[in-house]
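Here is my note for your first read of this model. Keep the structure open beside the text and find each residue as you go.

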Amino acid sequence: MSAVEDRLSEFGLTVPAVAAPVAAYVPAIRDGNLVMTSGQLPMVDGKLAATGKVGAQVSAEDAAQLAQTCALNAIAAVKSLVDDLDTVRVVKVVGFVASDPSFTGQPAVINGASELLAKAFGDKGAHARSAVGVAVLPLDAPVEVEITVSVTD
């Protein structure tokens with residue numbers, strides 16, 4: 001087990017199996033030292049953990065937890081292509097929040113993913129980021145997160 005996985009286990013978290021794609025794409029792709037994940041939904045055991053718009057059917061606090069689940073799924077996608085998570089540095093996070101028109105707390109929601117990545121990767125978890133509000137996400141998911149990481153072999 002990697003130090004990244006050890007740190008996650010301290011918080012009662014484990015890297016799940018890679019979430020199956022819901023359309024025609026792969027969970028992640030490696031190009032040289034970069035790994036880019038596809039957008040990861042808050043899937044748990046093959047099922048979407050929640051649906052609806054943040055600020056309406058889903059609270060900002062619950063959405064931040066769902067963003068954490070997305071980040072765990074993104075780590076799983078990276079792990080499927082990288083032998084050792086300890087060789088990974090998080091470069092960029094892009095988070096999408098299906099938002100009620102009056103909701104403006106997208107950054108706080110995506111903090112769920114960012115904070116998890118910082119816990120898991122330590123100093124190598126600091127990253128650039130975008131947090132974007134959108135009208136709807138696949139399967140009516142409240143949040144979706146994709147990450148780009150660099151790998152040192």
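1. Which residues make a nonpolar surface patch of about 380 Å²? The patch is built from Val26, Ile29, Leu34, Met36 and Val91. Isoleucine 29 sits in strand E1, which covers residues 28-31. Bear in mind that this is a predicted model.

2. Look at helix H2 next. It runs over residues 60-79 and has 20 residues. From first C-alpha to last, H2 reaches 28 Å, close to the 28 Å expected at 1.5 Å a residue. The helix is mostly covered, with 15 of its 20 residues buried.

3. How many salt bridges does the structure hold? There are two. Glutamate 5 forms a salt bridge with lysine 79, and the closest N and O atoms are 2.6 Å apart. This pair links distant parts of the chain: glutamate 5 is in helix H1 (residues 3-10), lysine 79 is in helix H2, and they are 74 residues apart. Glutamate 5 counts as buried because its relative accessibility is 15%, under the 20% cut-off. Lysine 79 has 36%, so it counts as partly exposed.

4. Aspartate 140 forms a salt bridge with lysine 53. Here the closest N and O atoms are 3.3 Å apart. Aspartate 140 lies in the loop between E6 and E7, and lysine 53 in the loop between E4 and H2, so the pair ties together parts that are 87 residues apart in sequence. Aspartate 140 counts as partly exposed because its relative accessibility is 30%.

5. Check the backbone at two loop residues. Aspartate 45 has a positive phi of about 55°, although it is not a glycine. Its place is the loop between strand E3 (43-44) and strand E4 (47-48). Is aspartate 45 buried or exposed? It counts as exposed, because its relative accessibility is 78%. Leucine 139 has a positive phi too, of about 60°, and is not a glycine. Leucine 139 is placed in the loop between strand E6 (128-134) and strand E7 (143-151).

6. Now the rings. A search of the whole structure finds zero aromatic pairs. What lies over the face of phenylalanine 11? Lysine 119 does, at 4.7 Å from the ring centre.

7. With a relative accessible area of 18%, threonine 148 is buried. Threonine 148 and valine 78 are 70 residues apart in sequence, and 9.0 Å apart in space from C-alpha to C-alpha. Glutamate 146 is also found in strand E7. Glutamate 146 is partly exposed, with a relative accessible area of 28%. Between glutamate 146 and proline 21 there are 13 Å in space, C-alpha to C-alpha, and the two are 125 residues apart in sequence.

Conventions
Residues are numbered from 1 along each chain as its sequence is written. This is a predicted model: local features need pLDDT of at least 70, side-chain atom pairs count only at pLDDT 80 or more; totals for chains, interfaces and linings use all residues. Side-chain values use heavy atoms; hydrogens and water are left out. Rings of Phe, Tyr and Trp (its six-membered ring) pair if their centres lie within 6.5 Å; planes under 30 degrees apart count as stacked, over 60 as edge-to-face and the rest as tilted. A charge sits over a ring if NZ of Lys or CZ of Arg is within 6 Å of the ring centre and within 35 degrees of the ring normal. Patches are made of residues with over 30% relative accessible area and no salt bridge: like charges are joined within 9 Å, nonpolar side chains (Val, Leu, Ile, Met, Phe, Trp, Tyr) within 5 Å. Accessible areas come from the Shrake-Rupley method with a 1.4 Å probe; for residues, only the protein chains shown count as cover. A salt bridge is a side-chain nitrogen of Lys or Arg within 4 Å of a carboxyl oxygen of Asp or Glu. Helices (H or I, at least four residues) and strands (E, at least two) are DSSP runs, numbered from the N terminus. The expected span of a helix is 1.5 Å times one less than its number of residues. Buried means under 20% relative accessible area, exposed over 50%, partly exposed in between (1.4 Å probe, protein chains only).
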